[in-house]
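Here are a few exercises to work through with the model open beside you. Try each task before you read its solution.

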Amino acid sequence: VAGILLDIQKYFGLSDGKTGLLQTVFTLCYMLAAPIFGYLGDRYNRKLILAAGIFFWSGVTLGSSFITQSHYRIFVLSRGLVGIGSASYSTIAPTIIADLFEEGKRTTVLSIFYIFIPVGSGCGYMLAAGMAKSTGDWHWAFRVTPCMGGLALLLLILLVPHKIQRKTAAHRALSISGMIGGADEKPDVYRATRTSWCQDVGSLVKNCSFVCSSLGLTAMAFVTGALGMWMPLFLYRAQVVQGLVPPCLQDSCNSSNSLIFGGITIGTGILGIIAGAEAARRLRKINNKADPLICATSMFISALCLYIALMVAQTNILSTFIFIAFGELFLSVNWAVVTDILLYVVAPRRQSTAIALQILVSHLLGDAGSPYLIGAISNAIQARNVPSLQWSFRSMQYSFVTCAFVGVFGGGFFLLTSFYVEEDRKEAQR
């Protein structure tokens, strides 16, 4: 959606606020479905749940490409249904990896998994913009992506075992970088200690490391959601104000910003996740609190870079791209590290539930509302000023400043995590 946002906005005749609602509805449905899939994933066959989610996501995405101009509400509903399908594999996939791989390989596999999140996001920008440009119709972006879902479903059926032998409780408690020693527990420990969902949630709420790191992740999600939805449009408005590109009046609008931003997302995502995993691996040898401290430092630097990018956008578009790249780079450092924290501070039998709850909280308070909030603030600023290209840009610029402040709060929550992480890791081992 974000790669062709300007086309969609023109097609349905949407304000910034209504445009942001598309991502908000997607994320709300995504986060509400996540705990359900987490519950099912801890109790039933994960491969079947994952396959059903991918099939549903692909079908709804394809169907949404045929929605006509007069049915905006149905298009919004389709975004919500896509969010439900997305929740299945976002919740289940990390736990399948934890089941399939032990401590040594888990580092590499989880890092690869999280590398492909920004890669997929960036490819989405580029594919959507490329299809809109080549066909002259943005609907084709929604007709190509289900092919990727079909390929993923085929690979899942062929390569992932139907019945996965879950690792022992001690193995499942290992971090992705293998910080804890060997395990000699019996294979049936995991099944023997099953608890109710309410008991799992009650235990997680008392886990300070889990709570604080989840709030830090929420700040990351807030910033990422806003950037992903609005940044190509913000860059376009900045270029219009500078006179670098003309205002979009035709049906198919300039897609270069989506292509560039997609490339930035891919590159910084790969570099950031690799750098984060490597930094965590090295610094844990020196400091047992390295993970949350890395996350805190990255969030503070990212917030500063994003703020500078916003301030220079009106005068120097190249500097804006550079600082946006650094901001996204330091955001990406944290993705695998945050999941690593969860895997070693939460007991194995609660990990699917913990991931689902973390998804729920991070999206509920993060990117569920940030795209709509940015759009609503932009609308409010524009309403108080004379309509112009200048204020169209400035309204988005001022609303984006919110992301920088939220990033600082996120860094603070990761700092709090560092005070509890050692104690909670020992408790998870027990």
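The axes are lines fitted to C-alpha atoms over the stretch in contact, and the angles run from 0 to 180 degrees between N-to-C directions. This is a predicted model: local features need pLDDT of at least 70, side-chain atom pairs count only at pLDDT 80 or more, and totals for chains, interfaces and linings use all residues. Residues are numbered from 1 along each chain as its sequence is written, and side-chain values use heavy atoms, leaving out hydrogens and water.

**Exercise 1.** Work out how α11 and α13 are oriented to each other.

Solution. Start with α11, which covers residues 256-283; it packs against α13 at an angle of about 40°, and the axes are 8 Å apart. Now apply the cut-offs: α11 and α13 are therefore oblique to each other. Next, look at who touches whom, with contact meaning heavy atoms within 4.5 Å. Among the residues involved are Ile 260, Phe 261 and Ile 264 of α11, and Phe 321, Ile 324 and Glu 328 of α13.

**Exercise 2.** Classify the ring pair of Phe 12 and Phe 75.

Solution. Rings of Phe, Tyr and Trp (its six-membered ring) pair if their centres lie within 6.5 Å; planes under 30 degrees apart are stacked, over 60 edge-to-face and the rest tilted. The whole structure has 8 aromatic pairs. For Phe 12 and Phe 75, the centres are 5.2 Å apart and the planes meet at 35°, so this pair is tilted. Phe 12 sits in α1 (residues 5-12) and Phe 75 in α4 (residues 72-100), so the pair ties together parts 63 residues apart in sequence.

Are they buried (under 20% relative accessible area), exposed (over 50%) or partly exposed (in between), using a 1.4 Å probe and protein chains only? Phe 12 has 12% relative accessibility, so it counts as buried. Phe 75, at 0%, is buried too.

Key. Helix = DSSP H or I, 4+ residues; strand = E, 2+ residues; numbered from the N terminus. Parallel < 35°, antiparallel > 145°, perpendicular 65-115°, else oblique.
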